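Please look over the sequence and the structure below. The paragraphs after them lead through the main features in order.

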Amino acid sequence: MGKKKYKKQLLKSLKSLGESEYLILKSMTNLMIQRELKKNNITFKDGDTFSFKDNIFDYSEDKNVRSLAKLRRHMLKTMNKLVVKNKFKDKEIKFLS
């Protein structure tokens, strides 16, 4: 495999990891909303926004949410290592932002 093809395959892998990371974040958020926010009788109306820090998932009562948070953190670290080791330029990885 040539150097360009190898780099292209790495970028495809990073894109897949980025998409997976987003889906994990979405799943963790939905799980928390379905379980913990309902348990504490917290409701939202149309147009309401909800902001939080990433570490909110680490303190969840739900062990599944905590496990997903750990996996997501590991994925983000791995993605960062791939970017740094392979010296990708910002324009090559703009899909990760």
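What follows starts with a helix, then turns to charged pairs and a surface patch.

This is a predicted model, in which local features need pLDDT of at least 70 and side-chain atom pairs count only at pLDDT 80 or more, while totals for chains, interfaces and linings use all residues. Residues are numbered from 1 along each chain as its sequence is written, and side-chain values use heavy atoms, with hydrogens and water left out.

Begin with helix 1, which covers residues 3-39. Helices here are DSSP runs of H or I with at least four residues, numbered from the N terminus. The 37 residues of helix 1 should span 54 Å at 1.5 Å a residue, and its end C-alpha atoms lie 53 Å apart, which agrees. The expected span is 1.5 Å times one less than the number of residues. Helix 1 has a kink of about 35 degrees centred on Ile-33; the bend at a residue is the angle between axes fitted to the seven residues ending there and the seven starting there. After helix 1 comes Asn-41, with a positive phi near 55 degrees.

Several residues of helix 1 are buried, among them Leu-10, Leu-14, Gly-18, Glu-21 and Met-28. Buried means under 20% relative accessible area, exposed means over 50%, and partly exposed lies in between (1.4 Å probe, protein chains only). The buried residues of helix 1 pack against helix 2, where contact means heavy atoms within 4.5 Å. Ser-20, also in helix 1, is partly exposed because its relative accessible area is 32%.

Next come the charged pairs. The structure holds six salt bridges, each a side-chain nitrogen of Lys or Arg within 4 Å of a carboxyl oxygen of Asp or Glu. One of them joins Lys-7 and Glu-92, at 3.1 Å from N to O. This pair links distant parts of the chain, 85 residues apart: Lys-7 is in helix 1 and Glu-92 in the segment after helix 2. Another joins Asp-62 to Arg-35, with the closest N and O atoms 3.3 Å apart. Asp-62 sits in the loop between helix 1 and helix 2, and Arg-35 in helix 1. Asp-62 counts as buried because its relative accessibility is 6%, whereas Arg-35, at 49%, is partly exposed.

Last is the surface. Ile-42, Phe-44, Phe-50, Phe-52 and Ile-56 form a nonpolar patch with about 390 Å² of accessible area together. Such patches take residues with over 30% relative accessible area and no salt bridge, joining nonpolar side chains (Val, Leu, Ile, Met, Phe, Trp, Tyr) within 5 Å and like charges within 9 Å. Accessible areas come from the Shrake-Rupley method with a 1.4 Å probe, and for residues only the protein chains shown count as cover.

Terms used:
Helix = DSSP H or I, 4+ residues; strand = E, 2+ residues; numbered from the N terminus.
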